[in-house]
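Keep the viewer open and follow along.

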Amino acid sequence: MAMLEVKVPDIGDFKDVAVIELLVKVGDTIQIDQSLVTVESDKASMEIPSTQAGVVKEVKVAVGDKVNEGSLLLIVEGAGAGTAAAAASAPAPVAAPAPAAAPAAPAAPVSGGGLVDVVVPDIGDFDEVSVIEVFVKAGDTIRVEQSLITVESDKASMEIPSSHAGVIKELKVKLGDKVAKGTLLAVVQTAAGAVAVAAPAASAPAVAAPAPAQAAAAPAVASASLPALPAHEPTAAKGRLPHASPTIRKLARELGVPLDEVKGSGPKGRVLESDVQGFVKAVMAGQMQTTAQKAAAPAGGAASGGGAFPGLLAWPQVDFAKFGPVERKEMGRIKKISGANLHRNWVVIPHVTNHDDADITDLEAFRVLLNKENEKSGVKVTMLAFMIKAAVAALKKFPEFNASLDGDTLVMKQYFHIGFAADTPNGLVVPVIKDADKKGIVQISLEMAELAKKARDGKLGPADMSGGCFTISSLGGIGGRYFTPIINAPEVAIMGVCKSQIEPKWDGKAFQPRLMLPLSLSWDHRVIDGAAAARFNVYFASLLADFRRIAL
Ligand code: CAO
């Protein structure tokens, strides 16, 4: 088995072009003409094919390297002597006479009034190539050498520049058309004398920017020949497809991926295969929507859960096993459902959280006393039951907290169903105490205990969890100081409660030990103003500080 060198063949005037993708790796078995790397200039990208068949032993270039004709790409273990002989020589010269460039074609006036035809120039062996991007439209003012369209073959893509400056009167091509040398692209109204200026410039592209004669490496891929283009200002990025190799464009088309919505992670924002894959995964996982999906979402858009963030980075794809042992565990049903709901609520609702403290010294003493008295009955009165009653009173005083948004309309509720977050082995659920305004503390405590048990046993039905007006999420039994609870849509506020603790409070003469309960009220800023939220919190805290106020 001979070791063969695979070098960059004659790529015309392409000099110091950057390798932007490696298409093979050590151990791969490659064929003659198989694409090895993609290189890119300002205006064109092309894949460099192999001159050898065999097994890749070494890859001699890395992404970002600059290569020229003759640069060593690979060491390949070839199949036999014949191949080795071929490899020993320089890569095969280009098969067909190549154009010096893809110059803007000389213009042919079509009428005396400064109207000229702009046609596809000599683009070498490109024959019947597809138009994959159109950068201009009728009415646009264009410059000489401004890119008009991008064409693409199997192995390369390039932009076709204008031979003239002026105003486009008629655009003669559209996406998907096949074009070749001489195809009419546009009729352009030039300014007086402009044709005379434009024509020489177009006929001498090599002066403007030396361009490769032909990019094709080997005869077998002559169709991939890639005439270079005169250097010119890139056209505006808006509405343009991002840079991507022809292979990636093809892949994106096959998968129905809108390439202009894929964030490229390659050099100069180039879209790589992994970007397309990441995009597809994110869409499939519901982490993002394409613009088309967003447009097709039900009326109400984001409020209906149709929100999407085009341009958002794809979710990181990490091979965690590379860093240490891992185990994959499917998320449980409740976690999946609650996760999706929490995510929507977090993203859609403009949350603000106010923190405050309630002095519950006296209330806690009362609760302990009650529980002592009720020891025999077995009903344990919880702090949460008091908070549910306080929530009812606060909702009555601040009715916009007992509302839901329906488009631009507020639905004001005249009932008082209070949900409480319950932690279960399977995840978070929110059972609802119905008509809490009509129930006493003991009954609420009883119902809560029943619902919490049902929750832990996984026996809550939809009726147990629907119809809530306001939610209390208590981490008091666990610990912590404050947190930012996520609103349980379509409710507009939620009260988060943490563990109470004794704190020194100044009573005007001395510090007194008081039992303080941390409160965190999150509210929907579309419905509620900051001042109202602060008043709600102060009122809620004042009720817990002196529960007699509930009766007022
Ligand atoms: N401060 C200090 N202690 C508190 C307290 C507070 N704010 N709230 C409760 N406690 C105490 C109770 O008095 C009880 O102590 P004793 O056993 O000595 O009487 C202990 O903590 C345990 O209380 P509990 O959790 O059984 O009862 P609860 O009424 O406070 O809560 C329930 C019931 C179902 C809400 C709770 O079990 C639960 O699941 N909490 C978690 C809710 C949650 O996950 N929220 C986060 C949502 S966002 O992810």
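Let's start with how the chain folds back on itself. Take contacts in the protein chain between residues at least 6 apart in sequence: 63% of them join residues at least 24 apart. Keep in mind that this is a predicted model. The protein chain has 552 residues, and buried residues make up 45% of them. Its secondary structure comes to 11 helices and 28 strands.

Five bridges hold the antiparallel pair of β1 and β8 (residues 72-78), and Met-3 stands opposite Glu-77 in β8.

Further along there's a hairpin. Strands β19 (residues 403-406) and β20 (residues 409-412) run antiparallel with four bridges between them, and Ser-404 is partnered with Val-411 in β20. Two residues lie between the strands of this hairpin, where Gly-407 takes a positive phi near 65°.

**Helix pairs**

Which residues bring α4 and α5 into contact? From α4 come Ile-248, Leu-251 and Leu-255, and they meet Glu-273, Val-276 and Val-280 of α5. By class, that contact has five nonpolar residues, no polar ones and one charged. The axes of α4 (residues 246-255) and α5 (residues 273-284) come within 10 Å and cross at roughly 15°. The angle is under 35 degrees, so α4 counts as roughly parallel to α5. Their crossing is right-handed.

The pair α9 (residues 383-397) and α10 (residues 441-456) crosses at roughly 120°, with axes that come within 9 Å. This crossing is right-handed as well. On the α9 side, the contact uses Leu-384, Ala-385, Phe-386, Ile-388 and Lys-389, while α10 brings Ile-441, Ile-444, Ser-445 and Met-448. Sorted by class, the contact of α9 with α10 has seven nonpolar, one polar and one charged residues.

| Residue | Phi |
|---|---|
| Asp-16 | near 50° |
| Glu-145 | about 75° |

Asp-16 belongs to the loop between β1 and β2, while Glu-145 is in the loop between β12 (141-142) and β13 (147-152). Is each one buried, exposed or partly exposed? Asp-16 has a relative accessible area of 48%, so it counts as partly exposed. For Glu-145 the relative accessible area is 10%; the cut-off for buried is under 20%, so Glu-145 is buried.

One more place to look is the peptide bond between Ala-489 and Pro-490, which is cis, with omega about 10°. Pro-490 lies in the loop between β25 (470-474) and β26 (493-497).

Key:
Residues numbered from 1 in each chain as written. Predicted model: local features only at pLDDT ≥ 70, side-chain atom pairs only at ≥ 80, totals over all residues. Heavy atoms only, no water. Pairing = 2+ DSSP bridges. Axes fitted to C-alpha atoms, helices over the stretch in contact; angles between N-to-C directions. Parallel < 35°, antiparallel > 145°, perpendicular 65-115°, else oblique. Left-handed = near helix turned anticlockwise from the far one by under 90°. Contact = heavy atoms within 4.5 Å. Nonpolar A, V, L, I, M, F, W, Y, C, P; charged D, E, K, R; others polar. Buried < 20%, exposed > 50% of the residue type's maximum accessible area, 1.4 Å probe, protein only.
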